[in-house]
Amino acid sequence: MKSSSNYFNCLFLLCLLLLVFVNSFEEQQNVKRSQFPDGFLFGATTSAYQIEGAFLEDGKGLSNWDVFSHIKGRIKNEDNGDIADDHYHRFQEDVDLMHSIGLNAYRFSISWSRVLPRGRFGEVNFAGVTFYNKLIDSLLLKGITPL
């Protein structure tokens, strides 16, 4: 009897949370862009390691995460960022998607191991610089502020 009571209490709580979520979701649907002040940025943000992929392509060096994620047993399922979302190869599609949903800002991080593969004492990897220049140019052409 006690477990049956707990089941119904949990079911009741779940239904209550669902109702709150649905009401909250319906209220959010009424929010309009015009309700935000001029200059408000609607954007997305990413982290280079989590999105770029292109592990060791075009002269990229190893980052701390590249090294750490390749040590057996450190990361669940041996996952790593070798491919990630393949933003390095598909950035134009990503920019087109951002534009299609009306974003006007994109905050991204720079993979310093892509730009300076041997750290601050090595040469600049111009392929890495070129990638970020193309990304920034694509964003600007779509009216998206790069941050």
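Trainee: Where is the place of leucine 56?

Mentor: Leucine 56 sits in the loop between helix 2 (48-51) and helix 3 (64-69). Helices (H or I, at least four residues) and strands (E, at least two) are DSSP runs, numbered from the N terminus. Before we go on, know that this is a predicted model, where local features need pLDDT of at least 70, side-chain atom pairs count only at pLDDT 80 or more, and totals for chains, interfaces and linings use all residues. Residues are numbered from 1 along each chain as its sequence is written, and side-chain values use heavy atoms, with hydrogens and water left out.

Trainee: Why is leucine 56 called partly exposed?

Mentor: Set the value against the cut-offs. Buried means under 20% relative accessible area, exposed means over 50%, and partly exposed is in between (1.4 Å probe, protein chains only). Leucine 56 has a relative accessible area of 44%, so it is partly exposed.

Trainee: What makes glycine 143 exposed?

Mentor: Its relative accessible area is 51%, so glycine 143 counts as exposed. Glycine 143 lies in the loop between helix 6 (126-141) and strand 3. Its C-alpha atom is separated by 8.8 Å from that of leucine 103, 40 residues apart along the chain.

Trainee: Which residues make the nonpolar surface patch?

Mentor: Leu56, Leu62, Trp65, Val67, Phe68 and Ile71 make it, over about 550 Å². The rule for a patch asks for residues with over 30% relative accessible area and no salt bridge; like charges are joined within 9 Å, nonpolar side chains (Val, Leu, Ile, Met, Phe, Trp, Tyr) within 5 Å. The areas come from the Shrake-Rupley method with a 1.4 Å probe, and for residues only the protein chains shown count as cover. Leucine 56, at 44%, is one of the patch residues.

Trainee: How many helices and strands does the protein have?

Mentor: There are six helices and three strands. Along the sequence the pattern reads α-β-α-α-α-β-α-α-β.

Trainee: What makes the three strands a sheet, and in which order do they lie?

Mentor: Two strands pair if DSSP finds at least two bridges between them. Three bridges join strand 1 to strand 2 (residues 105-107), so these two pair. Glycine 43 stands opposite alanine 105 in strand 2. The sheet is open, in the order 1-2-3, with parallel pairing. Strand 1 (43-45) and strand 3 (145-146) are the edge strands, as each pairs on one side only.

Trainee: How do you know that glutamate 52 and arginine 114 form a salt bridge?

Mentor: Use the cut-off. A salt bridge needs a side-chain nitrogen of Lys or Arg within 4 Å of a carboxyl oxygen of Asp or Glu. The closest N and O atoms of glutamate 52 and arginine 114 are 2.8 Å apart, so the pair qualifies. Glutamate 52 is in the loop between helix 2 and helix 3 and arginine 114 is in helix 5, so the pair ties together parts that are 62 residues apart in sequence.

Trainee: How many salt bridges does the structure hold?

Mentor: Four. Among them, glutamate 93 meets arginine 90 at 3.0 Å, N to O. These two are three residues apart in helix 4 (residues 87-100), so about one helical turn separates them. Another joins aspartate 96 to lysine 142, with the closest N and O atoms 3.5 Å apart. Aspartate 96 lies in helix 4 and lysine 142 in the loop between helix 6 and strand 3, so this pair ties together parts that are 46 residues apart in sequence.

Trainee: Why is lysine 142 called partly exposed?

Mentor: Because its relative accessible area is 30%. Aspartate 96, at 33%, is partly exposed too.

Trainee: How many cavities of 30 Å³ or more does a search of the whole structure find?

Mentor: One. On a 1 Å grid over the protein atoms alone, a cavity is a set of points where a 1.4 Å probe fits but cannot get out; a pocket is an open set with protein on both sides within 12 Å along at least five of seven lines, and lining residues have an atom within 4 Å of a point. The lining of the largest cavity includes Thr46, Glu52 and Tyr132.

Technical notes:
Grid points are joined across faces, edges and corners, and a volume is the space filled by probe spheres set on the points.
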